[in-house]
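Q: Hello! I have a structure open on my screen and would like to learn how to read it. Could we go through it together?

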Amino acid sequence: MAMSERSTSRLACGRDIDEVWERIESPPDEHERGCPHCRHARSDLGNLARLTARQRDEERSDPELEPDPAILGRIMDIARAEVRRGRRLPLDEPDEQAPVAELTVSEQAVSASARRAGDAVDGVQVERCVVVLVPGGGGSSAPDGAAPATGGVELPESYRASRPSTVDVTLQVSVSTSVSIPEVAREVRSNVMRRVSDEVGIDVRRIDIDVRDAHDD
Amino acid sequence: MTEARTTTGADTTSPEGVDLDVVRVELASALLAEPGVLRVEATLAGMVRAWSADPAPKDLIRISVQDGTADVALHLAVQGLPARLVAHRVRDLVRRVLREHRLDPGSVELSVLTIEAAPPVLETAG
């Protein structure tokens, strides 16, 4: 099979047609000057190059083919959003039978949930949040297991049969000078645990809080 | 082996004769009615395929059919229920809709790109 695939692009003289195409803008080399197969191929490919160049120039100046600026603007917005969304994390604990996760959540969505939980604590401003998947899980460190609220909807069999994935969260925060750091740290941990469980449905094994700054109220 | 076909836009008929545009419309409608689903999110690839500044939800659902098996890919924004629970329910829903259209469900790649904060609960007076 590999031979037949190769032979489709190789001329009778043994030279690959891709090689001829790559040199089409340059003068023929010594082999091409003397080889009828290459001369014929260069002639055909030269016509093709001229036609495609002409077509490209026509399309470049055709207002009908100008993309709508609104579409381009929206595409750029989406491109920027995709960069911000970061990696996709599995929602279920990875399974040896199915190593590629079908159900995922963006790193940014998990991070935003944890960030909201931290910002909700009086005297705390979250400056940065990093979420890292824990390979092999490890379960929730919440004392009560932090079962997520399910809103009374029916739980699918696949949901009950699988385990949620687990992440570690690091929050870099600024804390008000008027609050006790140990107290707000406890509250932030509790909030993050509950909120990530309720909004994302995955487990949080560990929450590191890095107090980077202090601010006045 | 029959021809593989991927649709998100004008090309709508699978090799088995199933109108995939109809499937996508039904799928979009059903999943937007699903508790916790806020919207179908656009991705770069989805925007380029739909080539519209404001694509309809159905245009952001990708269905590929090969040998009667349909693979689906979609991206969601959710609110009010855990993303993991919504994802499992939506996967079941997608498989159900595919079966109703005589397609065998293959992979359902579903990614929750956005989780909106739950709306504040308004306290009633009195």
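Q: How many helices and strands are there in chain A?
A: Let's begin with a caution: this is a predicted model. In chain A there are eight helices and five strands. Starting at the N terminus, the elements come in the order α-α-α-α-α-β-β-α-β-α-β-α-β.

Q: And how many helices and strands are there in chain B?
A: Chain B has three helices and five strands. Its pattern along the sequence is β-α-β-α-β-β-α-β.

Q: What radius of gyration does chain A have, and what would a compact globule have?
A: A handy approach is to set the value beside that of a compact globule. For 217 residues such a globule would have a radius of gyration near 17 Å, but chain A has 30 Å. The box filled by the C-alpha atoms of chain A is roughly 85 × 45 × 35 Å along the principal axes. The domain assignment gives domain 1 (2–64) and domain 2 (86–215) in chain A, and the centres of these two domains are 57 Å apart, taken over C-alpha atoms.

Q: What share of the residues count as buried in chain A, and what share in chain B?
A: We can count the other C-beta atoms within 10 Å of a residue's own: 20 or more make it buried, 12 or fewer make it exposed. In chain A, 26% of the 217 residues count as buried. In chain B, buried residues make up 41% of the 126 residues.

Q: Which strands form the open sheet of chain A, and in what order?
A: Here is the general idea: strands of a sheet pair through backbone hydrogen bonds, either parallel or antiparallel. In chain A, an open sheet of three strands has the order S3-S4-S5, with mixed pairing. Its edge strands are S3(A) (124–133) and S5(A) (203–215), each of which pairs on one side only. On average, neighbouring strands of this sheet are turned by 15 degrees against each other, direction ignored. S3(A) and S4(A) (residues 166–176) run antiparallel and are joined by nine bridges. As one example to find on screen, Val124(A) has Val175(A) as its bridge partner in S4(A).

Q: Which strands of the sheet does H6(A) touch, and which does H8(A) touch?
A: H6(A) packs on the sheet by touching S3 and S4 of chain A, and its direction makes about 145 degrees with that of S3(A). H8(A) also packs on the sheet, where it touches S3, S4 and S5 of chain A; the angle between the directions of H8(A) and S5(A) is about 140 degrees.

Q: How many residues does each chain bring to the contact between chain A and chain B?
A: Chain A brings 33 residues and chain B brings 30 residues. On the side of chain A, the elements that give two or more residues are H5 (69–85), S2 (103–106), H6 (107–119), H7 (157–161) and H8 (181–199). H5(A) gives the most, with eight residues. By type, the residues on this side of chain A are 17 nonpolar, seven polar and nine charged.

Q: Do S2(A) and S5(B) pair in the parallel or the antiparallel sense?
A: S2(A) and S5(B) (residues 104–115) pair in the parallel sense, over three bridges. Look for Leu103(A), whose bridge partner in S5(B) is Leu110(B).

Q: What is the phi of Asp67(B), and what is the phi of Arg102(B)?
A: Most residues other than glycine have a negative phi. Asp67(B) has a positive phi near 55 degrees, and this residue belongs to the hairpin of S3(B) and S4(B), with two residues between the strands. Asp67(B) counts as exposed because 12 C-beta neighbours lie inside 10 Å. Arg102(B) has a positive phi of about 60 degrees and is placed in the loop between H3 (83–100) and S5 of chain B. Arg102(B) is exposed too, because it has 11 other C-beta atoms within 10 Å.

Methods. Residues numbered from 1 in each chain as written. Chains lettered and ligands numbered in written order. Predicted model: local features only at pLDDT ≥ 70, side-chain atom pairs only at ≥ 80, totals over all residues. Pairing = 2+ DSSP bridges. Helix = DSSP H or I, 4+ residues; strand = E, 2+ residues; numbered from the N terminus. Contact = placed C-beta atoms within 7 Å. Nonpolar A, V, L, I, M, F, W, Y, C, P; charged D, E, K, R; others polar. Rg over C-alpha atoms; globule rule 2.2 N^0.38 Å. Axes fitted to C-alpha atoms, helices over the stretch in contact; angles between N-to-C directions. Domains from an automatic or database assignment.
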